[in-house]
Amino acid sequence: MTAVADRSLGPELARTETIGADTDVLVIGLTSSENGPSIVPEDLFGDVLNAEVRAELLDQLGAVGAKGKAEELTRIPAPAGLDGVSSVLAIGLGAADKLDPEQIRRSAGVAARALSGTELVVTTLSGLDLGAAAEGFYLGAYSFTPFRSDKSAPKPDEQPVARVELLVPDPGFGEETLFHAQVTAEAVATARDFVNTPPSHLFPAEFAARAQELAEAAGLTVELLDEKALEAGGYGGVLGVGKGSSRPPRLIRITYAGGTKKVALVGKGITFDTGGISIKPAQNMENMTSDMAGAAAVIATTLLAARLSLPITVTATVPMAENMPSATAQRPGDVLTQYGGTTVEVLNTDAEGRLILADAIVRASEDEPDYLIDVATLTGAQMVALGTRTPGVMGTDDFRDRVARISRDVGENGWAMPLPSELRADLNSKIADLANVAPHRWGGMLSAALFLKEFVPENVQWAHLDVAGPAYNTGGPFGYIGKGGTGVPVRTLIAVLESIAAE
């Protein structure tokens, strides 16, 4: 067994006050305006980029048509005033009056992807926002290659950038900020690695074992339930979904005990989803390797909370199963008993995520948390409603709005959605306490959240994040996001935990 953390997940990051003689590329930022592009920040690094060097850079950049449009790349030879620098890469930041940390993060990510094969990069983007620049470079340079043989492995000039030095004005500047940015980016990359690992190699038992290895290495408490323990404990949802597979389900609980205030994180861990007996169309089914992205996010976030020594207690409760069709699989029309006693009529075996989450939510609630957040690639309806880059956030009104606002603040774009009371009746069953789907396709994301709401205690502040689209990028790279697992919503979750810790 090889843990996800056994490989380098991104470039080495460091602060620097000078540009070394062995710098391969200097990355600078350009903003756009009616009067032409401007190099930013304007005066923070005057001793490195003096007026004469800036003027020469702008002349050269203007000569080759650089405008400073967002994420525009322009590479030129370094002027004489930049001794030891081989070339300069100008990355567009867009209009100066619209510049924010997320644009810096995105532009840094684009620059990192363009610098494959580069050993040492120095950047002035840190003068705009050190944390955003560091995260952008780290995540933009991320690549996933463990399953490539020598036939297709990246050549030396295709390897991700090895080291990024972020210019700072003095030796003491930004040490804490850079640490926070680096460990956050590493957590996002850890979640990406989990998601990108194929289901042939990341089935429930292996997923649980890797999570346990990482958690125990970090000194956290781990409880792992195998299929026998799940049966003895009455986890009917996890068992029902997992019984069609030859690779049995698991449930893992990871606890970081940092304070009296308690937060429960729950993540959907379907390591592959065929839909079960209600089988999915074959086209694009391979993307269902991402159906454990919620689990990956909450595991990575719990590890990150420990690394940041947050003064709260965080427990991740993560059910893991493989949803397969077979002679032992649950059928449409079956009734199962969830952990805690609620009976559910399974009308559609492809609505399996809510079944394993319900077990986990009830178990997590036994800890009497102050807050509960569940994360899942739960419904295709999320993408119909909000597209592939905007998570839907549902739950108790105040906490839902708080989580959605924080998600937008960190650039992960969460959007608050309602839980219309009239949709609840559509989940009534003729023979059980609940049906797992409504008899229509209207408001499918909302109906799924209403199902989960039935298992959340009334006194718990709760948020449900549906990240079916945002957690996995099936298109081309953009910003600091590559193809495959994105790590969404790790940055949202850790920002929410920090907000709770600051209460």
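I counted rings of Phe, Tyr and Trp (its six-membered ring) as a pair if their centres lie within 6.5 Å, with planes under 30 degrees apart taken as stacked, over 60 as edge-to-face and the rest as tilted. On that basis I find 5 aromatic pairs in the structure.

I note that this is a predicted model, in which local features need pLDDT of at least 70, side-chain atom pairs count only at pLDDT 80 or more, and totals for chains, interfaces and linings use all residues. Residues are numbered from 1 along each chain as its sequence is written, and side-chain values use heavy atoms, with hydrogens and water left out.

I looked at F194 and F207, whose ring centres are 5.1 Å apart with planes at 55 degrees, so the pair is tilted.

I then took F451 and F455, a tilted aromatic pair with 5.3 Å centre to centre and 50 degrees between the planes. F451 is buried at 0% relative accessibility, and F455 is buried at 7%.

Last, I turned to the helices (DSSP runs of H or I, at least four residues, numbered from the N terminus). Helix α4 (residues 175–196) packs with helix α8 (residues 293–307) at about 155 degrees, the axes 8 Å apart, where axes are lines fitted to C-alpha atoms over the stretch in contact and angles run from 0 to 180 degrees between N-to-C directions.

Definitions and conventions. Helices (H or I, at least four residues) and strands (E, at least two) are DSSP runs, numbered from the N terminus. Buried means under 20% relative accessible area, exposed over 50%, partly exposed in between (1.4 Å probe, protein chains only).
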